[in-house]
Amino acid sequence: MRVTARVPGTCEKEMYIMGKTILDYDTVALDDADSALVIIDQTKLPERIELLRLHTAEEIWNAIYLLQVRGAPAIGVAAGYGIYLLAKEIETDDFDEFYKQFCTYKTYLDSSRPTAVNLSWALNRMEQVALRAGKEEHCAVAQVKEILKQESIAIQQEDIAICKAIGEHGLSLVKPGDGILTHCNAGKLAASRYGTATAPIYLGQERGYGFHVFADETRPLLQGARLTAFELQSAGVDVTLICDNMSGMVMKQGKVQAVFVGCDRVAANGDTANKIGTSVVATVAKRYGVPFYVCAPTSTIDWNTPTGADIVIEERKPEEVTEMWYASRMAPEGVKVFNPAFDVTDAELITGIVTEYGVARYPYTESLQQIRQQMQSESK
């Protein structure tokens with residue numbers, strides 16, 4: 001059963017009450033006939049599955065900023081579809097004027113999340129496609145819009161193929177029956193399908209590997225509890241939810257044979273920015289000799305950022321720590337709060353960076369460049 005409602009001044013909502021699981025819905029989808037970007041509202045999970053239909057630049061910006069859509073690959077797909085839909089509504093036949101308005105929308109959307117590189121990557125890719133079509137190929141604006149549509153679809157289709165390839169490479173690093181720990185949500189809900197860090201888990205589930213997964217709850221926004229545990233349980237995976245500060249115990253007890261996490265940005269030297277707490281997991285894994293793998297599509301690698309020290313870390317509202325998820329406030333009024341959304345894991349703590357082209361190993365200044373050369377060779 002589906003209930004649809006729209007409150008004046010807000011995006012349209014579709015609430016699915018019964019009959020399907022979270023796996024039956026696309027995290028991000030395009031409804032071109034309605035000129036809508038359709039997303040699962042991840043802030044409502046796991047209590048209910050609610051789809052949002054976004055039509056305006058403000059609605060798309062808010063959805064990204066408020067984490068209604070989140071996860072680097074999913075943000076990239078949303079950005080591609082979002083900028084296409086906004087470009088579609090630009091009313092002019094003059095390409096220069098079209099491009100001017102396009103860039104205004106692009107800059108606005110790009111300001112919604114500073115750390116996830118896939119946002120700017122997708123928007124820049126769409127801009128280059130528009131420029132090539134309009135300036136070099138002298139296409140009419142209507143043709144440019146159609147080309148943008150096809151490119152946005154290609155971004156999502158590539159994401160599906162990339163995540164599956166990451167899953168295949170990741171699966172080669174573990175064996176049936178292994179215990180796997182993951183942090184935050186780098187699953188289906190963070191991508192188009194499979195996810196990044198969960199891709200080996202999903203493929204292993206399909207092939208009878210019998211993994212046991214430990215999902216960190218991931219304070220303060222609880223993406224592990226609300227999202228990873230929810231989607232893995234829905235898929236029939238043997239998953240156990242643990243508090244963030246329990247990871248050391250399960251590793252020490254020998255219950256974890258590998259850690260798989262996603263990331264929002266990889267620096268050229270292999271430092272990675274991921275959800276706050278990831279660097280703690282990596283440090284503990286190093287202490288107990290557990291391999292720590294970062295699953296990252298090459299679109300997440302920022303070749304222009306030399307090290308993790310150069311990555312801008314987003315800081316979020318204190319209320320996420322003091323009030324969110326609680327029936328009443330859980331911290332004293334006026335207490336100072338430090339709430340960075342991400343931290344940086346140093347390259348030397350990372351056993352391997354799993355990309356769609358294979359697994360890069362330390363030193364990453366060399367192995368990532370080899371992957372870059374492979375990318376460039378295959379793109380010719």
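Modeller: Buried means under 20% relative accessible area, exposed over 50%, partly exposed in between (1.4 Å probe, protein chains only). This is a predicted model: local features need pLDDT of at least 70, side-chain atom pairs count only at pLDDT 80 or more, and totals for chains, interfaces and linings use all residues. Numbering runs from 1 along each chain as its sequence is written, and side-chain values use heavy atoms, with hydrogens and water left out.

Biologist: Is aspartate 41 buried or exposed?

Modeller: Aspartate 41 pairs with lysine 44 in a salt bridge (side-chain nitrogen of Lys or Arg within 4 Å of a carboxyl oxygen of Asp or Glu). The N to O distance is 3.2 Å. Lysine 44 is partly exposed, at 23% relative accessibility. With a relative accessible area of 1%, aspartate 41 counts as buried.

Biologist: Which strand holds the aspartate 302 that meets arginine 265?

Modeller: The two side chains form a salt bridge at 2.4 Å, N to O. Arginine 265 is buried at 10%, and aspartate 302 is buried at 12%. Strands here are DSSP runs (E, at least two residues), numbered from the N terminus. The partners sit 37 residues apart, arginine 265 in β10 and aspartate 302 in β13.

Note on methods
Helices (H or I, at least four residues) and strands (E, at least two) are DSSP runs, numbered from the N terminus.
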